[in-house]
Amino acid sequence: MQLIERARLQHDYERIDALADALVTRFAPSEICELARSQNVVVRALAQEAMTQIPTTVLIGILHDPVDAEVAREALQRQARDYGSEQARQVITALEEIDLDSDEM
């Protein structure tokens with residue numbers, strides 16, 4: 001977070017891009033989820049974008065984590081909406097059906 005904030009303050013957008021690319025390759029998905037909940041708008045946006053690059057099957061596994069599930073769900077929605085992922089769309093549809101069923105009980 002400190003590196004991103006420092007690069008932002010220096011208007012070093014090339015460094016910000018490099019740090020964003022490093023998120024997926026150097027951090028575990030749970031760590032990226034934590035960054036996606038950051039109070040820092042730039043860090044949060046970069047982490048949310050990095051989450052969309054994580055394979056759908058990995059995001060599905062994160063849905064079982066009560067802390068990170070919402071971030072994973074948002075990433076799946078973006079994969080389906082912004083990148084046309086059919087697998088992510090199917091997962092989101094299934095989750096919505098589960099939510100509807102639990103609301104009816």
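From the N terminus on, the elements of the protein chain run α-α-α-α-α-α-α. The model is a predicted one.

Reader: How many helices and how many strands does the protein chain have?

Author: There are 7 helices and 0 strands in the protein chain. Along its principal axes, the C-alpha trace spans about 50 × 25 × 20 Å.

Reader: Why is Ala-7 called buried?

Author: Ala-7 has a relative accessible area of 3%. Buried means under 20%, so Ala-7 counts as buried. Its place is in helix α1, which covers residues 2-9.

Reader: Which residues does Ala-7 touch, not counting residues up to four places away in sequence?

Author: Ala-7 touches Asp-12, Arg-15 and Ile-16 on that count.

Reader: What makes α1 and α2 roughly antiparallel?

Author: The two helices pack at an angle of about 160 degrees, with their axes 8 Å apart. Angles over 145 degrees count as roughly antiparallel, and therefore α1 and α2 are given that description. The crossing of α1 past α2 is left-handed.

Reader: Which residues of α1 and α2 meet?

Author: From α1 come Leu-3, Ile-4, Ala-7 and Arg-8, and from α2 come Arg-15, Ile-16 and Leu-19. By class, this contact has 5 nonpolar, no polar and 2 charged residues.

Reader: Why is α4 called roughly perpendicular to α6?

Author: The axes of α4 and α6 come within 8 Å and cross at roughly 70 degrees. The range for roughly perpendicular is 65 to 115 degrees, so α4 is roughly perpendicular to α6. In passing α6, α4 makes a right-handed crossing.

Reader: Which residues form the contact of α4 with α6?

Author: Gln-48, Glu-49, Met-51 and Thr-52 in α4 meet Val-71, Ala-72, Glu-74, Ala-75, Arg-78, Gln-79 and Tyr-83 in α6. These divide into 5 nonpolar, 3 polar and 3 charged residues.

Reader: How do you know that Thr-52 is buried?

Author: Thr-52 has 7% relative accessibility. The limit for buried is under 20%, so Thr-52 counts as buried. Thr-52 belongs to helix α4. Leaving aside neighbours within four places in sequence, Thr-52 is in contact with Ala-75, Arg-78, Gln-79 and Tyr-83.

Reader: Which residues touch the most other members of the largest nonpolar core?

Author: That core has 26 residues, and Ile-32, Leu-46, Met-51, Leu-59, Ile-62 and Leu-76 touch the most other members. The elements that give two or more residues to this core are α1, α2 (13-26), α3 (29-36), α4 (41-53), α5 (56-62), α6 (69-83) and α7 (86-104). The largest share, 5 residues, comes from α4.

Reader: What is Leu-59 in contact with, leaving aside its neighbours within four places in sequence?

Author: Leu-59 is in contact with Met-51, Ile-54, Ala-72, Ala-75, Leu-76 and Gln-79.

Reader: What percentage of the 105 residues in the protein chain is buried?

Author: Buried residues make up 33% of the 105. Of the contacts between residues at least 6 apart in sequence, 45% join residues at least 24 apart.

Terms used:
Residues numbered from 1 in each chain as written. Predicted model: local features only at pLDDT ≥ 70, side-chain atom pairs only at ≥ 80, totals over all residues. Heavy atoms only, no water. Helix = DSSP H or I, 4+ residues; strand = E, 2+ residues; numbered from the N terminus. Buried < 20%, exposed > 50% of the residue type's maximum accessible area, 1.4 Å probe, protein only. Contact = heavy atoms within 4.5 Å. Core = buried A, V, L, I, M, F, W, Y, C linked by side-chain atoms within 4.5 Å. Axes fitted to C-alpha atoms, helices over the stretch in contact; angles between N-to-C directions. Parallel < 35°, antiparallel > 145°, perpendicular 65-115°, else oblique. Left-handed = near helix turned anticlockwise from the far one by under 90°. Nonpolar A, V, L, I, M, F, W, Y, C, P; charged D, E, K, R; others polar.
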